[in-house]
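Below is a report on one protein chain, arranged by topic. Please keep the sequence and the structure in view while reading.

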Amino acid sequence: MKNLALHFEALQARLPADGPGFSALVLRHGQPVFELHHGLACLELGVPLTGRSRYYLASESKQFTAACMLDLVRQALIGLDDDVAPHLPEVRQFGQAISVRQLLNHTSGIPDYFAFLQCQLGRHDSDYFNNAHLLRIIEKMDELAFAPGSAHAYSNCNYILLARLVEVLSGQSLTEHARSTLFAPLGMHATMFDAERQAVMPQRVRSYTSDASLPGGYRQHLGNANTVGDGGVYASLHDLALWERAWHHQYVDPDSLVRSLLQPSSAPDGNCWPYRFGLEVVEHAGREVVFHGGGLWGFRSLILRLPQAGLSVLQLSNCDTAEPDQPALLAAITADLDS
């Protein structure tokens with residue numbers, strides 16, 4: 001993986017050692033072939049980033065929400081194409097059936113909540129919000145952007161509703177259900193949906209944005225959201241390595257939970273939506289690529305998988321200057337695999 005190593009080493013060379021940075025890991029057939037940590041997890045205390053540092057994953061979290069939901073579908077607690085309105089009063093005002101599938105693949109037509117937050121007069125970026133707040137916003141929406149299943153539009157509301165649906169069906173919060181179903185069985189004890197933003201979390205990474213007007217050249221993000229489902233997961237790179245090994249192991253089993261996350265859904269034109277259930281599937285240079293990314297508060301995350309090559313590439317960062325460059329990563333991967 002020479003070209004991937006060169007890519008990450010070039011990024012390292014552009015970033016100061018005493019600023020925020022990133023962690024990168026390349027796994028091939030379950031084994032680490034490259035690992036790099038650069039920069040600080042906390043500028044105030046000078047704490048370096050390591051494989052145990054717990055980054056906020058933002059929308060990378062959606063694959064874990066989807067996995068919890070699919071686990072309940074596999075238990076026959078609800079059908080993939082069942083209407084969720086009997087379980088979720090927040091969507092009944094739309095007067096149209098919205099299925100679990102349509103929430104999972106963003107074809108429900110429910111608008112994204114960020115547009116509604118921005119419309120609130122007097123609201124500031126630092127104003128706090130959580131799932132309960134957003135469920136009340138969804139309940140006050142009076143129309144869908146399009147008929148369910150007719151189009152695709154990424155909306156975080158879908159995964160806020162899925163978090164609530166997991167709670168209704170399982171009797172556990174999404175945090176508890178993910179811990180017992182996904183994380184604990186794999187020994188991922190440093191991974192969790194953060195349901196309490198003010199709780200003490202060992203190894204929690206802080207995030208920053210470049211700002212030349214401030215001393216030190218960075219602005220710290222304090223975080224104003226405490227949502228789970230659409231985001232909310234904190235994880236270390238070493239924990240995510242455990243997830244990736246299990247992911248590739250399950251990929252070869254057509255009856256596994258991972259393969260259920262990747263099942264396609266047909267669009268009205270007969271093609272399949274590239275967004276599956278918490279994951280996207282595309283083709284690059286003749287190879288299938290499974291990925292998702294996330295970004296919020298200066299945190300950036302990306303997990304790229306090439307299943308047929310047994311390859312996972314992970315990059316987590318705590319500053320926008322270390323944002324993952326997916327096209328460049330794919331180019332490096334292609335050069336490595338073709339060499």
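## Ser155 and its surroundings

Not counting residues up to four places away in sequence, Ser155 touches His106, Ile110, Pro111 and Asp112; contact here means heavy atoms within 4.5 Å. Ser155 lies in the loop between helix 5 (131-140) and helix 6 (156-170). Helices are DSSP runs of H or I with at least four residues, strands are DSSP runs of E with at least two, and both are numbered from the N terminus. With a relative accessible area of 1%, Ser155 is buried. Buried means under 20% relative accessible area, exposed means over 50%, and partly exposed is in between, using a 1.4 Å probe and protein chains only. A polar atom of the Ser155 side chain lies 2.9 Å from the backbone oxygen of Ile110. This is a polar contact, defined as a pair of N or O atoms within 3.5 Å; within protein, one must be able to donate a hydrogen and the other to accept it, and residues adjacent in sequence count only if both atoms are side-chain atoms.

This is a predicted model, in which local features need pLDDT of at least 70 and side-chain atom pairs count only at pLDDT 80 or more, while totals for chains, interfaces and linings use all residues. Residues are numbered from 1 along each chain as its sequence is written, and side-chain values use heavy atoms, with hydrogens and water left out.

## Helix 5

Which residues of helix 5 are buried? They are Asn131, His133, Leu134, Leu135, Ile137 and Ile138. At the start of helix 5, a side-chain oxygen of Asn130 comes to within 3.3 Å of the backbone nitrogen of Ala132.

Two strands pair if DSSP finds at least two bridges between them. Strand 5 (residues 54-56) pairs with strand 11 over 3 bridges in the antiparallel sense, and Arg54 stands opposite Ser236 in strand 11. Strand 7 (residues 192-193) is joined to strand 11 by 2 bridges, and these two strands run antiparallel. The bridge partners in strand 11 are Tyr234 for Met192 and Val233 for Phe193.

In a regular strand the side chains alternate between the two faces of the sheet. Strand 11 (residues 233-236) is covered on both faces: Val233 and Ala235 are buried on one side, and Tyr234 and Ser236 are buried on the other.

Ser53 is found in the loop between strand 4 (47-48) and strand 5. Is Ser53 buried or exposed? Its relative accessibility is 1%, so Ser53 counts as buried. The side chain of Ser53 reaches the backbone nitrogen of Thr50 at 2.8 Å. Leaving aside neighbours within four places in sequence, Ser53 is in contact with Ala41, Pro48, Gln203, Val205, Ala235, Ser236 and Leu237.

Strand 12 and strand 13 (residues 287-296) run antiparallel and are joined by 5 bridges; Glu283 stands opposite Glu288 in strand 13.

Axes are lines fitted to C-alpha atoms, for helices over the stretch in contact, and angles run from 0 to 180 degrees between N-to-C directions. Leu11 lies in helix 1 and is buried, with a relative accessible area of 5%. Not counting residues up to four places away in sequence, Leu11 touches Phe22, Gln315, Thr321 and Ala322.

## Helix 2 against helix 7

Two packed helices are described by the angle between their axes and the distance between the axes. The axes of helix 2 (residues 62-74) and helix 7 (residues 174-183) come within 10 Å and cross at roughly 80 degrees. Helix 2 and helix 7 are therefore roughly perpendicular to each other; angles of 65 to 115 degrees count as roughly perpendicular, under 35 as roughly parallel, over 145 as roughly antiparallel, and the rest as oblique.

Phe64, Thr65, Ala67, Cys68, Asp71 and Leu72 in helix 2 meet Leu174, His177, Ala178, Thr181, Leu182 and Phe183 in helix 7. The residues of this contact divide into 8 nonpolar, 3 polar and 1 charged. Ala, Val, Leu, Ile, Met, Phe, Trp, Tyr, Cys and Pro count as nonpolar, Asp, Glu, Lys and Arg as charged, and the others, Gly among them, as polar.
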